[in-house]
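Reader: Could you walk me through this model, one question at a time?

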Amino acid sequence: MESPRIIAGVTRVVRDVGIAEELAQDALVAALERWPRDGVPDNPGAWLMTTARHRAVDLVRRRENYARKLADIGRDLSATTPPEEPADPDDIDDDLLRLVFTACHPVLSTEARTALTLRLLGGLTTAEIARAFLVPEPTIAQRIVRAKRTLATKNVAFEVPHGPDREARLGSVLDVIYLIFNEGYAATAGDDWLRPSLCEDALRLARVLSGLMPKEPEVHGLTALLELQASRTAARTGPSGEPVLLKDQNRSRWNRMLIARGITALGQAEATSSGAPGPYLLQAAIAACHAHAYTYEETDWSRIATLYSLLAARSPSPVVELNRAVAVSMSEGPAAALALVDALTGAPALRDYHLLPSVRGDLLARLGRTAEARAEFERAAALTRNERERELLLRRAAEQS
């Protein structure tokens, strides 16, 4: 929970995200050594931050060029309280946001930017990031190492960019925030279906960006999407933490305040959009269709299928096509959707994607082809690395008799 904030705070001292991550880990190790003996401090986050910053100061002081570094930074590095921020109204007093923009610097490839930020802010392992990207784990590991090295050698500033540079780097930042949210909304691995702290961090960053860029429709679109998705969190798990599918959710548990915020943000996105809607605006419109339906059966699946078609044209992706197939199955029937899903089985990006056999299994079950459905659910269970999801898929497989 505290790791991203510690990394961001220490980066302001050492100006190197790779070293900052190592110092943050050192602080966490120190906590594991001391807290069992001395007790957990009243403010664990502050203890970790102070410990990491002290280690950062010691590291800078040991460097031969400490005097020059001190002059460049222009402050007493031994102070544990961050300095006052510039008076520029466009600036943001938020180290986490600075860390996002630094990790999303244009000297890095799009893939490297997203992987690095998920690692630093999301606290994800390379394996979890690989699952999010649908690429091999060694590829992600190499991207992260190279990204840290590039930021260090290029002396990338730890700051929120201004003017045209900020606009140019916005798209990558939005993608990063969305991926962080998704990892919290449906964890790729582990024992828990949800990781709420990631959702909260992503939603907070999206709200901050909305205030920073009030005329940017995609920022409002992303914020709307996250607000609407987050509104379902309480209903997405059962008493024991097991996943609850959308059709089985108790919609009275959906957070109406977040839905209202999401609808408002969607309206702002539409009001500021002057051309074809962007991908986040379209996804927010899809989420709004679900939010407006009081029951699963009342959902406007035809509109959702149409919106997914627009999204596929705007941002082609086999995952989008898979989601469109689900909507088609509800509006036109499972047979029509199965043809769409079967056309995706050869897509390289979906080869190890557990939701492809999961969706196919659901369609086959609805068509009465239970033996095939069971095999698909079992295959999906073998592919997922989330224990809760695996239990759900195996239960669905067992139901096919």
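Author: Gladly, starting with terms. Helices (H or I, at least four residues) and strands (E, at least two) are DSSP runs, counted off from the N terminus. This is a predicted model, in which local features need pLDDT of at least 70 and side-chain atom pairs count only at pLDDT 80 or more, while totals for chains, interfaces and linings use all residues. Residues are numbered from 1 along each chain as its sequence is written, and side-chain values use heavy atoms, with hydrogens and water left out.

Reader: Which residues does Pro41 touch, not counting residues up to four places away in sequence?

Author: Pro41 sits in the loop that runs between helix H2 (17-38) and helix H3 (44-62). Its C-alpha atom is separated by 9.7 Å from that of Ala31, ten residues apart along the chain. Leaving out residues up to four places away in sequence, Pro41 touches Trp35 and Trp47.

Reader: How are H1 and H2 oriented to each other?

Author: Two packed helices are described by the angle between their axes and the distance between the axes. Axes here are lines fitted to C-alpha atoms, for helices over the stretch in contact, with angles from 0 to 180 degrees between N-to-C directions. Helix H1 (residues 3-14) packs with H2 at about 125°, their axes 8 Å apart. Under 35 degrees counts as roughly parallel, over 145 as roughly antiparallel, 65 to 115 as roughly perpendicular and the rest as oblique, so H1 and H2 are oblique.

Reader: By class, which residues does the contact of H1 with H2 have?

Author: H1 contributes Ser3, Ile6, Ile7, Val10, Thr11 and Val14, and H2 contributes Val17, Ile19, Ala20, Glu21, Leu23, Ala24 and Gln25. Ala, Val, Leu, Ile, Met, Phe, Trp, Tyr, Cys and Pro count as nonpolar, Asp, Glu, Lys and Arg as charged, and the others, Gly among them, as polar. The contact of H1 with H2 therefore has nine nonpolar, three polar and one charged residues.

Reader: And how do the residues of the contact of H15 with H17 divide?

Author: The axes of helix H15 (residues 318-331) and helix H17 (residues 355-366) come within 11 Å and cross at roughly 15°, so the two are roughly parallel. Leu322, Val326, Ser329 and Met330 in H15 meet Leu355, Leu356, Val359, Leu363 and Arg366 in H17. These residues divide into seven nonpolar, one polar and one charged.

Reader: Is Val319 buried, exposed or partly exposed?

Author: Val319 is found in helix H15. The C-alpha atoms of Val319 and Tyr353, 34 residues apart along the chain, are separated by 9.2 Å. With 23% relative accessibility, Val319 counts as partly exposed.

Reader: How many of the residues of helix H6 are buried?

Author: Helix H6 covers residues 110-120 and is largely enclosed by the rest of the structure. Among its buried residues are Arg113, Thr114 and Leu116. Of the eleven residues of H6, the buried ones number eight.

Reader: What is the relative accessible area of Asn155?

Author: Asn155 has its place in the loop between helix H8 (137-153) and helix H9 (163-185). Asn155 is not a glycine, yet its phi is positive, at about 50°. Asn155 is exposed, and its relative accessible area is 65%.

Notes: Contact means heavy atoms within 4.5 Å. Buried means under 20% relative accessible area, exposed over 50%, partly exposed in between (1.4 Å probe, protein chains only).
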